[in-house]
Amino acid sequence: MLELRNLHYHPATAREPVLRSVSLQLAVGEPQLVAGRSGSGKTTLLELIGGLADPDGGEILWNGERLDGRQRRWLCGLVFQFPERHFLGLNVAQELRLGQRRLGSDRVDQVLRQVGLAAISPQQAPERLSGGQQRRLALAVQLLRDPKVLLLDEPTAGLDWTVRDEVLQLLASLAQERALLVVTHEPELFEGVIKTGWFLEQGLLRPLTPLPATPRPAASIRTMPAEGGR
Ligand SMILES: Nc1ncnc2c1ncn2[C@@H]1O[C@H](COP(=O)(O)OP(=O)(O)OP(=O)(O)O)[C@@H](O)[C@H]1O
Ligand SMILES: [Mg+2]
């Protein structure tokens, strides 16, 4: 269980705090999402959790133990928005090896299977993959270390709907064995996959209530119970 307790973050160059007091409990197998307007601090929140920055106040704990930045970088796999723009490898195998230098071909095959890329050649150039395959490859890079926490920044951005559904199904399966936190500006897409949603505004999280305009009420995002003890 990942726990955020009263996270406060106010970088010196920002006029207002980006995060005022953010608390969250994220259990394995129960993915959650954070929605919010552009500039509300979604990416910043992932960077703090993932150990790329340190909060100015509050705590980040894993199974009750407080973690420093280095421990969080080890614990978490963070996939940035449009990860395919940052591919460096000449082929799929090389891209995976950049993530972890000493990597046997067994592990490469295993992780490609895990993300549903078993059928592609490890010699294939990453830029020749489809949009959905590229997202899967970016996930595979993070999965190599088998992180207990997966942090995904806008995982559906820029994907067309057929590919998007594929990626959502993959996230649902990866969430079964990991703590998974998605930040997105399109929370309605995650209905059916993620049941607990939050809205980040002015540095605070509030439960995300189902959007009135959502045409599928049966599978709408549920809010966390007010006294939610998970
Ligand atoms: N280190 C920093 N120094 C100054 N300002 C910062 C720093 N980190 C974040 N911010 C500010 O925090 C705010 C939130 O940025 P962030 O990128 O987290 O938003 P976001 O919700 O991810 O937006 P988007 O939906 O556009 O991706 C921005 O105004 C940004 O300038
Ligand atoms: Mg962002």
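User: In this predicted model, where Ala, Val, Leu, Ile, Met, Phe, Trp, Tyr, Cys and Pro count as nonpolar, Asp, Glu, Lys and Arg as charged, and the others, Gly among them, as polar, how do the residues of the shell around ligand 1 divide?
Analyst: The shell around ligand 1 holds 13 residues, and the closest are Pro-11, Ser-38, Lys-42, Thr-43 and Thr-44. Divided by class, the residues of this shell come to 3 nonpolar, 9 polar and 1 charged.

User: At what angle do helix 3 and helix 5 pack?
Analyst: Val-92, Glu-95, Leu-96 and Gly-99 on the side of helix 3 meet Leu-137, Ala-140 and Val-141 of helix 5, a contact that by class has 5 nonpolar, 1 polar and 1 charged residues. The crossing of helix 3 past helix 5 is right-handed. With their axes 8 Å apart, helix 3 (residues 92-99) and helix 5 (residues 131-143) pack at an angle of about 35°.

User: Is Asp-106 buried or exposed?
Analyst: Asp-106 is located in helix 4 (residues 105-114), and its C-alpha atom is separated by 27 Å from that of Val-163, 57 residues apart along the chain. Because Asp-106 has 8 other C-beta atoms within 10 Å, Asp-106 is exposed.

How values were computed: Residues are numbered from 1 along each chain as its sequence is written. Chains are lettered from A and ligands numbered from 1 in the order in which they are written. This is a predicted model: local features need pLDDT of at least 70, side-chain atom pairs count only at pLDDT 80 or more; totals for chains, interfaces and linings use all residues. Axes are lines fitted to C-alpha atoms, for helices over the stretch in contact, and angles run from 0 to 180 degrees between N-to-C directions. Helices (H or I, at least four residues) and strands (E, at least two) are DSSP runs, numbered from the N terminus. A crossing is left-handed if the near helix is turned anticlockwise from the far one by less than a right angle, and right-handed if clockwise. Two residues are in contact if their C-beta atoms, placed from the backbone, lie within 7 Å. Ala, Val, Leu, Ile, Met, Phe, Trp, Tyr, Cys and Pro count as nonpolar, Asp, Glu, Lys and Arg as charged, and the others, Gly among them, as polar. A residue is near a molecule or strand if its C-beta atom, placed from the backbone, lies within 6 Å of it. A residue is buried if 20 or more other C-beta atoms lie within 10 Å of its own, exposed if 12 or fewer, and partly exposed in between; C-beta atoms are placed from the backbone.
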